[in-house]
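User: I'm new to this one. Can you walk me through it?

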Amino acid sequence: MSEQTVCQNIRVSGVVQGVGFRPFVWRLARELGLAGWVRNDSRGVEIEVRGAAAQVRNLIERLEQDAPPLARVNSVVARDTAPGRINEGFVIIDSRSGRAATMIGHDTAVCRDCLAEMFDPGSRRWRYAFTNCTNCGPRYTISRGLPYDRARTSLKAFAMCPRCQCEYRLPDDRRFHAEANCCPKCGPQLFLLDGEGHRLADDPIASALELLQQGKIVAIKGLGGFHLACDARNAVAVALLRERKQRDEKPFVVMVANAASAASYVQMGIGEPGLLTLPTRPAILIRKRSSCDAALPGVAPGLAWLGVMLPYTPVHFLLFHEAARRPAGVGWLERAQDLALVMTSANPGGEPLVVGNSEALLRLYGIADAFLMHDRDIVTRCDDSVARITTGGLQFIRRARGYTPRAIKLPFSGPSVLAVGAWFKNTICVTRGDEAFVSQHIGDLDNAAVCDFLDESVAQLVKLLGVEPAIVAHDLHPDFHSTRFAADFAQQRRLPMLGVQHHHAHAAAVLAEHGLRGSHLALSLDGVGIGTDGAAWGGELLRVDGASFERLGHLAPLALPGGDRAANEPWRMAAAALHRLGRNDEIGERFAGQQAARAVAQMLAGDIHCPPTSSMGRMFDAAAGLLGIRSVMAYEGQAAMLMEGMAQRYGDILPLDQGWKIDQGRLDLLPLFAVLADERDPERGAALFHATLVAAIEDWVRIVAPGEAAVVGSGGCFLNQVLVRGLRSRFGAKGVQLIEARQVPPNDGGLAVGQAWIALQHLVGG
């Protein structure tokens with residue numbers, strides 16, 4: 001053998017299956033004149049190659065540099081191997097099973113090339129609702145296991161026809177080894193059923209659109225579950241959907257054809273059109289135009305932002321194509337279209353997303369007037385992701401489809417950890433080596449179906465990753481289903497458990513994603529979490545150091561008159577603020593519309609069933625109640641969201657002079673509440689509250705922890721853009737960096753990552 005010829009075995013890890021990686025390697029090897037083979041296995045992609053040393057080095061470099069757009073390469077490791085194992089030419093060989101060390105790719109919006117086929121009347125995939133290729137389409141939601149091969153997906157039931165087989169085997173075709181490849185002759189089929197389950201028409205797309213335009217509600221089967229859709233411009237249809245889904249005021253997401261179509265409803269900021277067109281297609285919160293509520297009545301009442309999402313499945317695109325009167329080509333996708341659809345998750349009663357056809361007919365009976373569905377199974381339930389743009393990029397409100405199961409890289413490896421989150425917005429996290437895998441959004445653990453979904457999500461993620469957890473991390477609250485699940489899971493497997501304080505976990509989640517170890521100052525501001533003293537915390541200034549933390553300060557507590565009920569009724573928190581101001585006698589008259597007003601005044605006076613809370617979320621509620629913005633909330637966080645929008649509309653205002661007090665680490669907002677109690681303009685009051693709160697927090701940090709170069713911002717209050725922009729500006733002016741959540745939401749949707757990070761450091765002595 002020539003001195004310049006080498007034989008090497010190369011291992012590529014990361015998201016490298018279901019993303020066109022093997023065809024990419026095949027083309028690259030052929031271009032470089034190399035012999036050998038490539039295959040998937042449970043650890044990722046394995047390559048054996050023989051050729052000139054310089055060309056082999058070139059291959060190794062380009063595996064990461066030129067990887068397919070959907071791939072995410074974590075490592076490329078090469079070692080010498082015996083030359084006798086490599087034949088002439090370069091081929092793709094059969095996959096090999098084993099203990100998993102890779103992960104399935106995420107679901108991706110249909111690509112431009114596939115759209116061009118769908119809208120070409122001469123193409124065999126003209127208007128075909130399951131068109132995909134190696135660069136787009138479903139992955140995670142159709143996969144049953146690793147390695148990623150057709151036999152382990154819900155396409156197994158659909159044998160490829162000769163023409164699809166030819167594409168699959170043709171190296172120069174973009175469907176070369178595309179495991180979900182199919183066409184109208186051999187692939188899944190779309191059909192439309194009425195509310196009783198009877199077939200309606202031969203053209204399901206045209207008929208479904210007609211129903212939507214008539215004001216009907218149509219259940220549409222997507223990638224990770226069903227949506228409930230209606231005409232977003234039809235006030236009667238939107239109101240009917242709210243009534244049937246029992247969703248009184250919570251905002252809906254609207255799907256439009258493109259960014260040009262969205263521009264008539266929202267004011268596009270820098271970067272927002274680009275976020276809308278991401279292949280992952282999250283719903284993006286964008287600031288409304290003043291005319292939005294009139295154009296989309298009842299869709300997002302009273303809020304300053306509208307959730308906007310672009311089509312991502314062929315079915316979605318076909319509905320907009322039909323509404324545009326079936327134009328040929330893709331040029332129509334650049335022009336504004338009239339159709340706007342409410343697209344809300346089909347999860348009646350806060351239960352998990354509907355995924356099965358029979359399940360849809362049963363659970364959505366009486367809600368949907370018709371069902372646009374197909375015969376390809378959804379293996380993994382996965383809701384839409386929701387995000388917004390902030391300075392620094394995308395910020396998640398809910399992380400799910402398109403981002404699950406992407407791993408978060410950790411700064412060191414350790415034993416596998418299972419973390420099970422808390423109660424609200426539950427997700428779970430499993431670590432493997434130096435990667436943290438976060439589940440899709442599971443939901444609030446307030447009904448049996450969601451609790452079951454948590455249980456099955458743990459089983460699925462542990463199985464996919466091929467790990468056996470060494471420890472189970474959970475919230476300190478003993479009554480959460482997640483805590484009870486952790487106890488059962490640990491007992492069955494004889495594993496240790498680690499209870500993690502809620503706000504410690506919030507801060508740790510941000511540290512984990514930024515790969516930060518050691519001691520850090522952290523603000524943890526949210527609705528509620530049980531503290532180490534058993535009290536309701538939520539406005540915390542912490543010193544976090546690995547698996548331990550110190551509570552440096554907290555908000556001066558307010559009473560929770562009536563306990564948990566106060567978390568849903570801002571007037572009660574306003575009453576608590578009035579009581580602290582010595583104005584208890586005003587409560588009965590001020591809140592005369594509330595039957596319990598005088599009883600609450602008596603409860604506060606006698607300190608009866610009025611546990612204290614340091615929750616920042618409850619401070620927002622108190623302000624909203626004092627300003628008359630909201631007395632009782634229709635959904636979690638509504639009062640704070642309304643206040644945020646009002647402050648945004650009002651604009652800049654100076655903070656209240658001497659609007660707070662700081663004593664022994666406690667930040668007291670009582671002087672601010674005294675002014676808000678007499679404020680007549682709710683928008684001005686909302687702006688004043690935010691401006692004063694920002695100034696107070698910056699002063700609090702300066703006094704309690706002087707000289708800090710950075711502050712970690714965590715907890716659900718860090719979704720408030722008025723608050724965060726203000727803190728970022730004030731801290732930045734003092735040379736202090738605000739470290740924010742990026743890869744997971746700052747709310748409880750990211751909590752499991754923090755629990756896992758703390759447990760991992762607990763195991764390795766961090």
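Analyst: What follows is a short chat about strands, cores, salt bridges and a helix pair.

User: What should I know before we start?

Analyst: This is a predicted model: local features need pLDDT of at least 70, side-chain atom pairs count only at pLDDT 80 or more, and totals for chains, interfaces and linings use all residues. Residues are numbered from 1 along each chain as its sequence is written, and side-chain values use heavy atoms, with hydrogens and water left out.

User: Let's start with β9. Are its faces buried or exposed?

Analyst: Both faces of β9 (residues 253–256) are covered. V253 and M255 on one side are buried, and so are V254 and V256 on the other. Buried means under 20% relative accessible area, exposed means over 50%, and partly exposed is in between (1.4 Å probe, protein chains only). Strands (E, at least two residues) and helices (H or I, at least four) are DSSP runs, numbered from the N terminus.

User: Which strands does β9 join to?

Analyst: β9 runs parallel to β11 (residues 305–309), with three bridges. There, M255 stands opposite M309. With β12 (residues 340–345), β9 pairs in the antiparallel sense, over three bridges. V254 stands opposite V342 in that strand. Two strands pair if DSSP finds at least two bridges between them.

User: New topic. Which residues touch the most others in the largest nonpolar core?

Analyst: L523, M616, F673, L676, F689, I697 and F731 do, out of 72 residues. The largest share, 11 residues, comes from helix α21 (residues 682–704). A nonpolar core is a set of buried Ala, Val, Leu, Ile, Met, Phe, Trp, Tyr and Cys residues joined through side-chain atoms within 4.5 Å.

User: What is L523 in contact with?

Analyst: Leaving aside neighbours within four places in sequence, L523 is in contact with residues including E540, I697, W700, F718 and F731. Contact means heavy atoms within 4.5 Å. Another core lies apart from the largest one, with 50 residues, among them C161, V315, L318 and L341.

User: E540 came up there. What does E540 form a salt bridge with?

Analyst: R551, with the closest N and O atoms 2.6 Å apart. E540 is in β22 (residues 536–545) and R551 is in β23 (residues 548–555), 11 residues apart. E540 is buried, at 0% relative accessible area. R551 is partly exposed, at 26%. A salt bridge is a side-chain nitrogen of Lys or Arg within 4 Å of a carboxyl oxygen of Asp or Glu.

User: How many salt bridges are there by this rule?

Analyst: The count comes to 50. One joins D203 and R326, at 2.7 Å, N to O. That pair links distant parts of the chain, 123 residues apart. D203 sits in the loop between β6 (190–194) and α5 (204–213), and R326 in the loop between α10 (314–323) and β12. D203 is partly exposed at 24%, and R326 is partly exposed at 31%.

User: Which residues are linked in a network of salt bridges?

Analyst: E117, R124, R125, E167, R174 and R175 are.

User: Last one. How do α15 and α18 cross?

Analyst: The axes of α15 (residues 570–580) and α18 (residues 616–626) come within 7 Å and cross at roughly 90°. That makes α15 roughly perpendicular to α18. Axes are lines fitted to C-alpha atoms, for helices over the stretch in contact, and angles run from 0 to 180 degrees between N-to-C directions. Angles under 35 degrees count as roughly parallel, over 145 as roughly antiparallel, 65 to 115 as roughly perpendicular and the rest as oblique.

User: Which residues meet there?

Analyst: P570, W571, M573, A574, A577 and L578 in α15 meet R618, D621, A622, G625 and L626 in α18.
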